[in-house]
Amino acid sequence: MEGKSVMDQQKECKIYAETEKKAKNVGIYNDIGSSQEEHKKIIQMRDLLEKHDPTSKEYDDLTIRRFLRARDLDIDKATLMFLKYMKWRKTFTPNGSISVSEIQNEIAQNKMFMQGSDKSGRPIAVVFGGRHFCNKKGGLEEFKRFVVFGLDKLCSRMSTGHEKFVVIGDLQGWGYSCSDIRGYLAALSILQDYYPERLGKLFIVHVPYVFMTVWKMVYPFIDEKTKKKIVFVENKQLKTTLLKDIDENQLPEVYGGNLKLVPIQDN
């Protein structure tokens with residue numbers, strides 16, 4: 001606090017205390033507790049953002065904090081990342097969201113579902129990789145819109161106090177005809193660049209041996225934080241592994257649970 005008056009210091013501490021109290025009251029500290037250092041940097045980053053783009057006022061502190069955490073609390077790097085995100089969002093979703101009519105070819109593949117929450121209250125999505133084929137009609141752009149549509153749906157399902165979601169990537173029936181390196185890298189880029197600190201865990205199940213050739217090509221593009229959230233599950237340990245994180249009444253029927261899967265567009 002060097003260079004600040006006593007009144008400024010007291011004001012800043014009061015703001016932090018009030019924010020902390022509110023966060024605890026709504027359960028934010030369940031899984032995303034914030035430190036005083038983060039709070040100070042959020043304030044500094046918000047000032048920088050508003051100087052570059054006044055519309056950044058529309059975003060809450062938790063959103064800013066996700067970008068800060070994605071850049072290890074480096075304010076300059078996080079600010080650049082956030083400004084890039086804002087520019088992308090305005091261009092990619094000029095109407096504020098992706099409509100079902102914009103992704104009809106992707107939806108027809110019936111490959112993404114959402115239902116239930118894990119033991120931490122994070123919404124669960126199931127993606128069937130064996131049903132994904134390169135979309136020749138809509139091309140890569142429609143696939144990217146589909147990815148954003150799905151991620152936005154997941155984020156909208158989050159309860160107060162949670163910022164992350166869980167994905168089960170099911171590769172049952174996956175073959176080289178499903179291989180789509182450009183699509184995989186595009187989806188990875190969207191997740192890492194524009195939805196930082198949103199992925200809680202990714203379970204990859206029913207993994208065929210041939211998939212590992214493609215995985216070796218994609219793996220170098222995954223950042224270190226994301227790599228730590230990926231779990232390859234052995235077929236024999238499938239239900240046992242999932243039940244460590246997901247209660248049976250929240251686990252999809254296809255994995256031995258009680259919930260029916262709901263297509264992402266119907267959720």
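1. Helix α6 (residues 139-156) lies across β1, β2 (123-128) and β3, and its direction makes about 15 degrees with that of β1. Angles here run from 0 to 180 degrees between N-to-C directions, with axes fitted as lines to C-alpha atoms, for helices over the stretch in contact. Helix α10 (residues 238-245) also packs on the sheet, where it touches β3 and β4, and runs at about 170 degrees to β4. Helices (H or I, at least four residues) and strands (E, at least two) are DSSP runs numbered from the N terminus.

2. This is a predicted model, in which local features need pLDDT of at least 70 and side-chain atom pairs count only at pLDDT 80 or more, while totals for chains, interfaces and linings use all residues. Residues are numbered from 1 along each chain as its sequence is written, and side-chain values use heavy atoms, with hydrogens and water left out.

3. The sheet is open and has 5 strands in the order β1-β2-β3-β4-β5, with mixed pairing; two strands pair if DSSP finds at least two bridges between them. Because β1 and β5 each have a single partner strand, they stand at the edges, and one side of each is left without a neighbour in the sheet. On average, neighbouring strands are turned by 20 degrees against each other, direction ignored.

4. Strand β4 (residues 199-205) has 6 of its 7 residues buried, that is, under 20% relative accessible area with a 1.4 Å probe, protein chains only. It pairs in the parallel sense with β3 (residues 165-170) over 6 bridges. The chain passes from β3 through helix α7 (residues 181-194) to β4 in a right-handed β-α-β crossover: with the strands pointing away from the viewer, the path from the first strand over the helix to the second runs clockwise. Bridge partners include Ile 168 with Phe 203 and Gly 169 with Ile 204. Ile 204 also has Phe 232 as its bridge partner in β5; β4 and β5 (residues 230-232) run parallel and are joined by 3 bridges.

5. Is Lys 111 buried or exposed? Lys 111 is buried, with a relative accessible area of 4%, and lies in the loop between α5 (104-107) and β1 (112-117). Its side chain makes polar contacts (N or O atoms within 3.5 Å, one able to donate a hydrogen and the other to accept it; residues adjacent in sequence count only if both atoms are side-chain atoms) with the side chains of Glu 106 at 2.4 Å and Gln 109 at 2.6 Å. Leaving aside neighbours within four places in sequence, the residues in contact with Lys 111 (heavy atoms within 4.5 Å) include Val 127, Arg 131, His 132 and Phe 146.

Key: Buried < 20%, exposed > 50% of the residue type's maximum accessible area, 1.4 Å probe, protein only.
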